[in-house]
Amino acid sequence: MKKNFLFYFTLISLGVWGQNYKGTIYFEDGTVRQGNTDFISGGARKINFQENNSTKTERIETKTIKKIEYLDNKTQEPIVFEKLDYISGYKKNFTVPIISTAWFKKEKTTGDITAYSTGYTRPGHYNMGSGNMFTSTTVNTWVFQYKNDQPKLIYWMIDGAPFRVKYQNIWINQFFNEICPSLVKEHLEKRLVLEYDPLPLLDFYNANCNPNNK
């Protein structure tokens, strides 16, 4: 099973950069600590952390962290980021999953399904070899997790438009085939159309297939 580690720059509006966020850090070893910490940006190997009632600032390796729960500076609502090992694709005729790792923002939970998103921006650049100018590109990635199953890639967007729709249709149909066949039918017949994000899938599941609503 191949495993790729992907670094993403996650888009979030928490305020200004710096050690200004109140948060709770959940470590891989089960330890939980509270205090002020940095925003967990993709690619960062260490973040600053100052525990409550302490004047000492530590540098913590992000590989030791499992989850961070921030408090929004304006609303004081929790904003959760988790490091997920997720299925990012398949090889050998869709029989062998490819596992990648990235930091994701927890967006929504409906019934037994949780949606996570992350995003990054590729800067524009000039290719001296070809003479082509490439513009800045924003990529958004969404994964869904059913109960305690491994999260799965469900949706890609590039500059606000769906990307590789053929593959996304396969991912969506595979994810919902057993837990919500009516969704698969609606999606295949193009009555359930996605534009800006895959959250309409959760709305349909909640309305028609969520066992807690029956």
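Student: Say a charge sits over a ring if NZ of Lys or CZ of Arg is within 6 Å of the ring centre and within 35 degrees of the ring normal. Which ring face does K67 lie over?

Tutor: K67 lies over the face of Y26, 4.4 Å from the ring centre. Before we go on, this is a predicted model, where local features need pLDDT of at least 70, side-chain atom pairs count only at pLDDT 80 or more, and totals for chains, interfaces and linings use all residues. Residues are numbered from 1 along each chain as its sequence is written, and side-chain values use heavy atoms, with hydrogens and water left out.

Student: Okay, the big picture then. How many helices and strands in the protein?

Tutor: There are three helices and 14 strands. Helices (H or I, at least four residues) and strands (E, at least two) are DSSP runs, numbered from the N terminus.

Student: And what share of the residues is buried?

Tutor: Buried residues make up 39% of the 214 in the protein. Buried is under 20% relative accessible area, exposed is over 50%, and partly exposed is in between, with a 1.4 Å probe and protein chains only. On contacts (heavy atoms within 4.5 Å), 46% of those with a separation of 6 or more are between residues 24 or more positions apart.

Student: Back to rings. How many aromatic pairs does a search of the whole structure find?

Tutor: Eight. Rings of Phe, Tyr and Trp (its six-membered ring) pair if their centres lie within 6.5 Å; planes under 30 degrees apart are stacked, over 60 edge-to-face, and the rest tilted. One of the pairs is F39 with F81, edge-to-face at 5.8 Å centre to centre and 80° between the planes. They sit 42 residues apart in the chain, F39 in the loop between strand 3 (32-37) and strand 4 (46-51), F81 in strand 7 (residues 78-91).

Student: Are F39 and F81 buried or exposed?

Tutor: F39 is buried at 6% relative accessible area, and F81 is buried at 0%. Ring pairs also link F39 and F81 with Y21 and Y70 into a cluster.

Student: What does F144 pair with?

Tutor: F175, in an edge-to-face pair with 5.8 Å between centres and 75° between the planes. F144 belongs to strand 12 (residues 137-146) and F175 to helix 1 (residues 165-176), 31 residues apart. F144 is buried at 0%, and F175 is buried at 10%.

Student: New topic: salt bridges. How many by the count?

Tutor: Eight, too. A salt bridge is a side-chain nitrogen of Lys or Arg within 4 Å of a carboxyl oxygen of Asp or Glu. R33 and E51 form one, with the closest N and O atoms 2.9 Å apart. R33 is in strand 3 and E51 in strand 4, so the bridge ties together parts 18 residues apart in sequence. R33 is buried at 17%, whereas E51 is partly exposed at 30%.

Student: What does K108 bridge to?

Tutor: K108 goes to D203, closest N and O atoms 2.8 Å apart. K108 is partly exposed at 29%, and D203 is partly exposed at 42%.

Student: And which residue does R191 bridge to?

Tutor: E186, with 2.9 Å between the closest N and O atoms. Shared partners join K185, E186, E189 and R191 into one salt-bridge network.

Student: What's up with D72?

Tutor: D72 is buried yet has no salt bridge; K74, the nearest side chain of opposite charge, is 6.9 Å away. Lys and Arg count as positive here and Asp and Glu as negative, while His and the chain ends are not counted. D72 sits in the loop between strand 6 (65-71) and strand 7, and a polar atom of the D72 side chain lies 3.1 Å from the backbone nitrogen of T75.

Student: Last one: what is phi of K190 near?

Tutor: It is near 60°, positive in a residue other than glycine. Most residues other than glycine have a negative phi. K190 is in the loop between helix 2 (181-188) and helix 3 (199-208), and is exposed at 68%. K147 also has a positive phi, near 50°, and is partly exposed at 49%.

Conventions: A polar contact is a pair of N or O atoms within 3.5 Å; within protein, one must be able to donate a hydrogen and the other to accept it, and residues adjacent in sequence count only if both atoms are side-chain atoms.
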